[in-house]
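Subject: A structure for you to look at

Hello,

Here is the structure I promised to pass on to you. Please open it next to this email, and then read on for what turned up.

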Amino acid sequence: MDQRIKASEEAMKGALIRLLQKKEPARITVVELCREAGVNRSTFYDRYGYMDGLVLAVLRDCVAYICLPEDVAAFFALEETGVPRSTILRYLKRFTENDIINIFCTCQKSELYRQLIIQIHVDLTLNHVYDPHRFYPTYFQNAGVINTVLQWMQDGQPIPLEELAEIIHQFSRSMSLNYPRLGK
């Protein structure tokens, strides 16, 4: 990718993040975003087409940052003992402590953004599951946990990370016992 294009994309993403610290996502205009990023509106429209395209790119980056490859791999290794609680807890902390995710979960249109975050999360994490017997239970567990966490964040409720990590650990243990890895 051309360095100028990459620099413009990063400038626009950074500008959106800075503006999110000050105002609701729906109130940010393309004009003010471009001014903050130091790019022309034509550059913005060429790359993202509309504000939701940029929001989606920022959310993808946030969720990708949360979903570290080594943790995602551990989630789907499904050894007999299940995913280690420490891996789950580390992951949940990254998720709940992410400022951008928090902004999108507590803004006026949070329901829309929650659905986007869940879909991005599921898409990123379930790329590693090819067995349909594992995919669907994991999909529903994954989407359910993320939706619950996002709802707690939106409501400003304390999130019982230790208890949630234990539930996910037990689910992963059950999955490993009920759906052994192929080729074993």
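Which residues form one aromatic cluster? The cluster consists of F44, Y45 and Y48.

First, some background. This is a predicted model, in which local features need pLDDT of at least 70 and side-chain atom pairs count only at pLDDT 80 or more, while totals for chains, interfaces and linings use all residues. Residues are numbered from 1 along each chain as its sequence is written, and side-chain values use heavy atoms, with hydrogens and water left out.

**The rings**

A pair of aromatic rings is described by the distance of the centres and the angle of the planes. Rings of Phe, Tyr and Trp (its six-membered ring) pair if their centres lie within 6.5 Å; planes under 30 degrees apart count as stacked, over 60 as edge-to-face and the rest as tilted. Searching the whole structure gives three aromatic pairs. In one of them, the ring centres of F44 and Y45 are 5.3 Å apart and the planes are at 75 degrees, so this pair is edge-to-face. Another edge-to-face pair joins F104 and Y113, with 4.7 Å from centre to centre and 65 degrees between the planes.

How much of these residues can be reached from outside? Buried means under 20% relative accessible area, exposed over 50%, and partly exposed in between (1.4 Å probe, protein chains only). F44 has 0% relative accessibility and therefore counts as buried, whereas Y45 is partly exposed at 42%. Both F104 and Y113 are buried.

**The whole chain**

The protein chain has 10 helices and zero strands. Both kinds of element are DSSP runs numbered from the N terminus: helices are H or I with at least four residues, strands E with at least two. Of the chain's 184 residues, 45% count as buried.

Where is E32? You will find E32 in helix 2, which covers residues 30–37. Its relative accessibility is 18%, so E32 counts as buried. Leaving aside residues up to four places away in sequence, E32 touches L19, K23 and R27; contact here means heavy atoms within 4.5 Å.

Enjoy exploring, and write back with any questions!

Best wishes
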